[in-house]
Amino acid sequence: MCSIFPIETYILYSIFLICQVNHTKMNYSIKKLQGIDCIFAPMQDSNSITIEIMCKAGSIYETKTTNGISHFLEHLFFKGGKKYPTPRAVAEAVDTFGGEFNAYTGDEYAGYYVKCAPEFTNKAIDVLGDMMMNPQFPKDELEREKGVVIQELKMYEDNPMALVSQKRQQRYFGDNNYGRPTIWTIENILSFNQDMLFEHKENLYTKDNLLIMIAGKITDQAEIESLLTDIFATLPAKKQYQKDNFPNHLPKEQSNFFDKKTEQNHLIISAPGFKGDDQTRYAASVLTTILGGNMSSRFFQNIREKEGLCYYISASHLSGQDDGTFMMRAGIDKERFDFGVQRIYEEIERIAGGDISQEEFDNTIWYNIGQLQMGIESSDQMASFLGAQYLLYGKIETLDEIVQAYKKLTLKEVKDIANKLSKENLYLYHIQ
């Protein structure tokens, strides 16, 4: 019913660097309704509509004692409000018209959405509005859900790819609200109570901290505006909690590991990158695509195909409001792990030294543009694409602007930032 995003994925805003889009001209409008920013993005050829509520209420807005409460609150919203008072009533309200209903919690924000056929728009808004405005957080459901969330936590701990992300995050950022996982710890989960949930909601789920996205086939915008105006009238006006400052420090050791007795060694190599509002992130995206972003990349061809060292291997650049990170990931044969790490570092060293051809650069530019132009054709992708940008940065870069940013890039600009991947900037963490 819900999902989480570990901190290294940062924000859905990163989607706009890799998501698939076929519109370079975008049609959207931004209105304030009851003091809440609302974005309307008509896609009249679509067969669906997505209503998504986004709130800057992710895990970086927590303390050590409340760590995990943002994700737990997300679960409890589904337990019912006044009009739909039980989990079954909430689920049936959406299932009866074939809607998709889900939520997620990341480090920077949480989101709740219904995707459905256009004729059920009003019902979808009604269900979401009741959840957000009238949650009851019943004690019996709250206690029962603790077991569910603990099992979710254990599921991630049993998944080596997820676990190495979590452990790396803690090691890379430290024991603070940026380094702690979105679900953590069992002790915290067991400590949550009604008062804590209502307090967290009242502090952050406010008119100035919320965004409502309507994307897809909009048949009557005036009616939707009227509904939203009525439903969200009594939401608190101002948020009461500020996140801590970003910890501007890096680990003292450049290599560390966690012993999990896995079948293969899973590694992440990190390096400081560029924030989400830094235009250099486009050059960083090109750099990591060449290194490990597709099947013709150096990692894939030289380490998977030629050496047979791994099944998955990748490189990416991820941007957040406060930070950006280069990420190189792989699952390596235990017997050849040291050799595999050596080969990965050799490929990184080559590219960090500026060994990039004009042909590689040109091909990668068109690969990234091609990915963009293949399509945000679904209403939920469009909602995330527009909403995450505006929620976090107060502005939207259109698809045409992103394409133009790639076209204006030069090989020199990419080479100029390649030394960000120099060995002294790399931090290796693995589980074994």
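Start by selecting H71, F72, H75 and L76 in helix α2, together with E141, L142, E145, K146, V148, V149 and E152 in helix α5; these residues meet, contact being heavy atoms within 4.5 Å. This is a predicted model, in which local features need pLDDT of at least 70 and side-chain atom pairs count only at pLDDT 80 or more, while totals for chains, interfaces and linings use all residues. Residues are numbered from 1 along each chain as its sequence is written, and side-chain values use heavy atoms, with hydrogens and water left out.

By class, the α2 and α5 contact holds five nonpolar, two polar and four charged residues. Here Ala, Val, Leu, Ile, Met, Phe, Trp, Tyr, Cys and Pro count as nonpolar, Asp, Glu, Lys and Arg as charged, and the others, Gly among them, as polar.

Now show the whole of α2 (residues 69-77) and α5 (residues 139-157): their axes come within 10 Å and cross at roughly 125 degrees. Axes are lines fitted to C-alpha atoms, for helices over the stretch in contact, with angles from 0 to 180 degrees between N-to-C directions. Helices (H or I, at least four residues) and strands (E, at least two) are DSSP runs, numbered from the N terminus. The two helices are therefore oblique to each other; angles under 35 degrees count as roughly parallel, over 145 as roughly antiparallel, 65 to 115 as roughly perpendicular and the rest as oblique. The crossing of α2 past α5 is right-handed, meaning that the near helix is turned clockwise from the far one by less than a right angle.

Select I69, S70, F72, L73, L76 and F77 of α2 with M196, L197, H200 and K201 of α8 to see the contact. By class, this contact has seven nonpolar, two polar and one charged residues.

Next, go to α4 (residues 121-133) and α9 (residues 221-231), which pack at an angle of about 15 degrees with their axes 10 Å apart. This makes α4 roughly parallel to α9. In the contact, T121, N122, I125, D126, G129 and M133 come from α4, and E223, I224, L227, L228 and I231 from α9. These residues divide into six nonpolar, three polar and two charged.

For the largest cavity, select R168, R171, Y172, P251, E253, Q254, S255, N256, S270, Y427, L428 and Y429, which line it. A cavity is a set of points on a 1 Å grid over the protein atoms alone where a 1.4 Å probe fits but cannot get out, and lining residues have an atom within 4 Å of a point. The volume of the largest cavity is about 80 Å³. Helix α6 (160-173) and strands β8 (255-258) and β12 (427-431) each supply at least two lining residues.

Two backbone stops remain. The peptide bond from W184 to T185 is cis, with omega near 0 degrees; T185 sits in the loop between α6 and α7 (186-191). Q34, in the loop between β2 (29-33) and β3 (36-42), has a positive phi near 55 degrees. Most residues other than glycine have a negative phi, and most peptide bonds are trans.

Definitions and conventions
On a 1 Å grid over the protein atoms alone, a cavity is a set of points where a 1.4 Å probe fits but cannot get out, and a pocket is an open set with protein on both sides within 12 Å along at least five of seven lines; lining residues have an atom within 4 Å of a point. Grid points are joined across faces, edges and corners, and a volume is the space filled by probe spheres set on the points.
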